[in-house]
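Here is a short tour of one structure. It starts with charged pairs and then turns to the core.

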Amino acid sequence: MKFTVLTDAHGATLDDLRATHMSLVTSGSKQVNWILLGAVPDAVKNLQRRWSFGRVKIEIQPPALGLGEFVVFLTAGDKLQRESLLL
């Protein structure tokens, strides 16, 4: 199953984005597209260097959603519970 997580990163701190990133890594999904709307390029580069075991792909432009894809809206700094995206 594929998940897209949308986060408004306008005014978000790097610590907030790191906390959300870590929760996505441990969410249990093998494939998460994380769209950071309004993120500054330095923050995106910093997050892309973080270890995510290939589970989290960080983008700044939303991709076209496919059939059967789920969308999750998270505020910067919010976290998903561990393994919350497992079936």
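Two salt bridges turn up in a search of the whole structure. A salt bridge here is a side-chain nitrogen of Lys or Arg within 4 Å of a carboxyl oxygen of Asp or Glu. This is a predicted model, where local features need pLDDT of at least 70, side-chain atom pairs count only at pLDDT 80 or more, and totals for chains, interfaces and linings use all residues. Residues are numbered from 1 along each chain as its sequence is written, and side-chain values use heavy atoms, without hydrogens and water.

Helices (H or I, at least four residues) and strands (E, at least two) are DSSP runs, numbered from the N terminus. Aspartate 15 is exposed, at 55% relative accessibility. Arginine 18 is partly exposed, at 28%. Buried means under 20% relative accessible area, exposed over 50%, and partly exposed in between (1.4 Å probe, protein chains only).

The other bridge links lysine 57 and glutamate 59, whose closest N and O atoms are 3.6 Å apart. Lysine 57 is partly exposed at 49%. Glutamate 59 is buried at 17%.

Now the core. The largest nonpolar core holds 20 residues. Such a core is a set of buried Ala, Val, Leu, Ile, Met, Phe, Trp, Tyr and Cys residues joined through side-chain atoms within 4.5 Å. Val5, Leu17, Leu24, Trp34, Leu36 and Ile58 touch the most other members. β1, α1, β2, α2 and β3 each supply at least two residues of this core.
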